[in-house]
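I opened this entry to keep track of what I looked up, element by element. The notes follow the order in which I went through the model.

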Amino acid sequence: MSETSLPFNEKYSPSNAKVSSGEKRKKEWEESLKNPQEYWSEKAKAIDWFKPPSKVLDDSNPPFYKWFPDGELNISYNALDRHVKSNRKNKLAYIWEGEMGEVKTYTYYQLYREVNGLAKALKDFGVKKGDRVAVFLPVIPELPITLLATARIGGVHAVVFSGFSAEALADRVNDCGAKILVTADGSFRRGKPVSIKDNADRGLPNMPNIEKVIVVKRTGQAVQMKEGRDVWYHDALASAGANAYVEPESLKSTDPLFILYTSGTTGKPKGVQHGTGGYLVWAYWTLKWAFNPTDEDIFWCVADIGWITGHTYNVYAPLSMGITAFLFEGTPDYPAQDRWWDIIERHGITILYGTPTAVRMFMKFGEQWVLKHDLSTLRILGTVGEPINPEAWKWYYRVVGKGKLAIIDTWWQTETGGFMISPASGIELTPLKPGSATFPLPSINADIYDEKGQPVQAGTKGVLVIKSPWPGMLQTLWKDSDRFKQTYFGRWPGIYYSGDYSVRDPDGYFWLLGRADEVLKVAGHRIGTVELESALVAHPAVSEAAVMGKEDAVKGEVPVAFVTLRSGFTPSDELRAELIKHIRTTIGPIATPDAIVMVNKLPKTRSGKIMRRLLKAVLVGAPLGDTSTLEDEGSIEDIKATYNDLRKQLTK
Ligand code: WTA
């Protein structure tokens with residue numbers, strides 16, 4: 001998206017929302033930055049501490065900030081026990097719907113009981129404070145239950161998205177040194193069982209630390225259970241006893257809560273580590289500010305719990321607030337293209353937190369699918385994961401929101417723990433602009449810098465940076481504090497580098513413009529081009545690879561790979577299919593390239609650097625510009641011709 005084509009001057013005031021000048025919000029934001037000590041000691045009272053913090057922030061060793069350093073708490077206590085002790089005991093914590101339409105509900109009390117049971121089982125298997133528990137589960141209730149049970153005993157969970165390959169799973173499990181893996185026999189996808197345990201089994205021989213594998217029975221398909229290592233989840237719960245109770249461990253605010261792997265600019269995924277107190281306070285307040293949920297709400301965040309959005313907004317934020325959250329295992333267009341709208345109508349969903357890719361997909365299906373359903377329970381809409389183009393925003397606003405509902409576009413990252421830039425209906429809603437995430441939330445000291453680290457003027461594109469610490473920020477990268485420092489604070493000391501482009505308009509609204517680094521956002525999934533390139537060159541046929549993002553009308557962008565082959569290999573459709581299969585088995589289906597272009601040479605400078613700019617120009621069909629620094633000027637014309645031939649063939 002080019003910044004010059006953005007609708008800076010279009011303002012929307014949804015008819016069901018109270019929209020005002022934004023003065024109140026601005027004041028609160030200023031207050032939070034002027035007096036963080038006072039501001040956050042007050043806000044921290046929203047959660048229950050075993051030992052309340054006497055200090056808000058220890059910033060003596062930047063960028064290793066410690067939030068609420070002497071406070072003690074347990075996050076599962078905050079998500080469960082405190083509601084069980086209140087009049088929320090029998091309130092629904094979760095409504096879950098499976099792919100096949102089956103529905104299961106958990107009250108806070110029921111969730112509390114099962115979490116205690118699993119916490120006891122994990123303890124019996126030897127999990128102690130600080131131990132890592134790897135989780136490879138689809139979106140079923142046992143997923144949040146595992147997270148809460150782990151947190152209850154002071155373990156550190158590391159969820160691996162269930163669509164990842166055996167190899168990707170093993171890499172992550174080994175990096176964090178987990179000794180327990182919780183997985184499932186399978187999951188349902190488009191009406192058919194797909195196996196998960198088989199995938200885990202393929203990776204397990206390469207995970208020497210894993211002592212126990214706990215397996216949830218979801219589909220009932222046949223699985224191999226290895227004697228002495230594998231145990232069924234229901235058997236583990238039964239052994240723990242029906243009335244198991246495990247005292248929640250009193251943890252330091254700075255004790256790690258979880259590790260979540262995400263893609264960066266090298267081939268090795270980053271183990272983003274989040275702590276306990278700062279993260280929880282941030283999760284709670286960001287949800288409150290953005291969506292302001294109440295006891296009447298049913299909050300549906302469509303994200304898979306395998307990603308940060310699901311961690312924060314399907315588990316920790318809604319449960320710590322004591323609201324009802326909705327979980328969905330399945331696919332948006334199965335059994336029909338109105339699955340979401342049907343769900344909203346049947347369950348009376350009030351808050352829908354979706355994604356731009358989904359909105360664009362529904363636009364393609366046509367509004368008749370939406371209009372078939374009574375969506376009058378909805379009171380607010382949200383979006384996350386990638387920039388929402390103004391056209392999709394307007395469709396969402398008009399067709400789903402009927403011009404009445406605010407759209408809360410939340411910009412944030414795995415590293416930030418929770419929302420950073422977003423409309424704040426829970427403080428004061430300012431007029432919305434289609435495609436803008438509006439303003440930074442309290443404590444978020446955001447700015448936009450040019451290459452030299454100078455703030456840019458309104459209307460000029462630059463990189464988004466955060467100039468002060470905030471409670472939800474990552475603590476470090478797991479066992480790699482140098483990389484943490486280097487990646488996020490290496491460019492400009494003391495300044496958090498987001499890796500995103502942004503522009504501010506003359507009214508001060510922030511507009512997000514996509515990644516500034518080698519990271520792609522494919523249907524909202526974060527994929528490192530270098531990760532894909534490493535996977536490709538690991539194949540015996542591939543000599544070199546350059547992966548680029550190409551704009552896509554539904555997915556936002558898709559990866560396109562340019563490869564050169566080793567001698568003895570010749571380009572063919574079979575080899576292309578094999579390379580695609582290779583990516584699916586080494587990373588996972590989400591990383592599948594849209595096209596693999598086999599070329600004789602990659603465009604390089606005389607010093608051997610790949611000229612990515614030229615490959616990008618080929619993808620968008622733009623003029624090549626100056627090619628005089630190319631080592632071989634003819635190579636790019638060949639690439640262009642090969643790419644255009646392949647495109648024709650693929651679209652046939
Ligand atoms: C992108 C997902 C524009 C951005 C929560 C960021 C967005 C990356 C938005 C983080 C948004 C997320 N508008 N871009 N509302 N939300 N992004 O770690 O590029 O999976 O850096 O976290 O997603 O992706 P991650």
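This is a predicted model: local features need pLDDT of at least 70, side-chain atom pairs count only at pLDDT 80 or more; totals for chains, interfaces and linings use all residues.

I call a residue buried if its relative accessible area is under 20%, exposed if over 50% and partly exposed in between, with a 1.4 Å probe and protein chains only. Helices (H or I, at least four residues) and strands (E, at least two) are DSSP runs that I number from the N terminus. Residues are numbered from 1 along each chain as its sequence is written, and side-chain values use heavy atoms, with hydrogens and water left out.

**Helix 5**

I looked up the cover of helix 5 (residues 142-152) and noted that 11 of its 11 residues are buried. Among them are Glu-142 and Arg-152, together with Leu-147 and Leu-148. After helix 5 comes Gly-154, for which I noted a positive phi near 85°.

**Strand 14**

Strand 14 (residues 256-262) is also mostly covered, with 6 of its 7 residues buried. Which strands does strand 14 pair with? Counting two strands as paired if DSSP finds at least two bridges between them, I found strand 7 (residues 156-159) parallel to strand 14 over 3 bridges, and strand 15 (residues 270-275) antiparallel to strand 14 over 6 bridges.

**Thr-357**

Thr-357 lies in helix 12 (residues 356-365) and is buried, with a relative accessible area of 10%. Its side chain makes a polar contact (N or O atoms within 3.5 Å, one able to donate a hydrogen and the other to accept it, with residues adjacent in sequence counted only if both atoms are side-chain atoms) with the side chain of Glu-386, at 2.5 Å. Taking contact as heavy atoms within 4.5 Å, and leaving aside neighbours within four places in sequence, I listed Glu-386, Ala-523, Gly-524, Val-554 and Lys-555 around Thr-357.

**Second largest pocket**

A pocket here is an open set of points on a 1 Å grid over the protein atoms alone, where a 1.4 Å probe fits, with protein on both sides within 12 Å along at least five of seven lines; lining residues have an atom within 4 Å of a point. The second largest pocket has a volume of about 400 Å³, a volume being the space filled by probe spheres set on the points. Of its 17 lining residues, Lys-26, Phe-439, Pro-440, Asp-507 and Gly-508 are the closest to its centre. Helix 1 (residues 23-34) gives the largest share of this lining, 4 residues.
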